[in-house]
Amino acid sequence: MSRETWVLVVIAGILAIATLVGAVLLAVRVVRTRRMLTGLGASGKVVFYGALIYAIFPVDVLPDPIYLDDMGVLAGALIYLTRLVQKRRAEGRRLPGQPDAPPAPEAARRSVR
C-alpha cells in the first residue's frame, strides 16, 4: 500500500473511533436521565427506550462503523427529554432524582417576629 492509502486508513479509523466515543457519551447522558422517567410520562419513556433500542439494535440507517445516525437519534432524545424535564420543573412538579427545590423567594423575604 502506498503512503497516501495508509494516511486515509488512519484518518478513517480516527473518525470511526471519535464517532463511537461520541455515541457512547450521548448514550451515557441519556441513561442518566432514566432516574427521572417515572415523572416524565409515557412520551418520555417511549423516547428513552426507543433511542436506546435504536442505538443498540444492529439494523441501522447507516452501517455500524458509522455512528452518525445513532448519535443523531441519541442527541434528539436527549434534547427532547431535557425540554420535557424543564417543562415539568416550570410547572412546579418535583421529578424523582431531582434535588429539593430551593425555597420560594417570597418565603426568604418574610421576617420572623
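1. Let's start with Leu-52, which sits in helix α2 (helices are DSSP runs of H or I with at least four residues, strands are E runs of at least two, and both are numbered from the N terminus). Leu-52 counts as buried because its relative accessibility is 17% (buried is under 20% relative accessible area, exposed is over 50%, and partly exposed lies in between, with a 1.4 Å probe and protein chains only). Apart from neighbours within four places in sequence, Leu-52 is in contact with Val-31 and Leu-74 (contact means heavy atoms within 4.5 Å).

2. A word on the basis: this is a predicted model, with local features needing pLDDT of at least 70 and side-chain atom pairs counting only at pLDDT 80 or more, while totals for chains, interfaces and linings use all residues. Residues are numbered from 1 along each chain as its sequence is written, and side-chain values use heavy atoms, with hydrogens and water left out.

3. Now the overall layout. The chain has four helices and zero strands, so the pattern read along the sequence is plain α-α-α-α. Of its 113 residues, 24% are buried. Take the contacts between residues at least 6 apart in sequence: 59% of them join residues at least 24 apart. The accessible surface of the chain is about 8300 Å², and carbon and sulfur atoms account for 67% of it (areas come from the Shrake-Rupley method with a 1.4 Å probe, and for residues only the protein chains shown count as cover).

4. What about the inside? The largest nonpolar core holds 14 residues (a core is a set of buried Ala, Val, Leu, Ile, Met, Phe, Trp, Tyr and Cys residues joined through side-chain atoms within 4.5 Å). Val-30, Leu-40, Phe-48, Leu-74 and Leu-81 have the most contacts inside this core. At least two core residues come from each of α1 (3-32), α2 (41-56) and α3 (68-90), and α3 gives the most, with six. As background, nonpolar side chains in soluble globular proteins tend to be buried together.

5. Leu-81 is worth a click in the viewer. Leu-81 is in helix α3 and counts as buried because its relative accessibility is 1%. Setting aside neighbours within four places in sequence, Leu-81 is in contact with Val-30, Thr-33, Leu-40, Gly-44, Val-47 and Phe-48. The C-alpha atoms of Leu-81 and Val-47 are separated by 7.8 Å, although these residues are 34 apart along the chain.

6. Ala-77 is another α3 residue, and it is buried because its relative accessibility is 4%. Not counting residues up to four places away in sequence, Ala-77 touches Val-47 and Ala-51. Leu-52 from point 1 comes back here: Leu-52 and Ala-77 are 25 residues apart in sequence and 9.2 Å apart from C-alpha to C-alpha. Ala-27 and Ala-77 are 50 residues apart along the chain, with 9.7 Å between their C-alpha atoms.

7. Leu-20 belongs to helix α1. Buried or partly exposed? Leu-20 counts as partly exposed because its relative accessibility is 37%. The C-alpha atoms of Leu-20 and Asp-70 are 9.3 Å apart in space, and the two residues are 50 apart in sequence.

8. On to the rings. The count comes to one aromatic pair (rings of Phe, Tyr and Trp, the last by its six-membered ring, pair if their centres lie within 6.5 Å; planes under 30 degrees apart are stacked, over 60 edge-to-face, and the rest tilted). Phe-48 and Tyr-49 make up this edge-to-face pair, with 4.9 Å centre to centre and 80 degrees between the planes. Phe-48 is buried because its relative accessibility is 1%, whereas Tyr-49 is partly exposed because its value is 37%.

9. Val-59 lies in the loop between α2 and α3 and counts as exposed because its relative accessibility is 57%.
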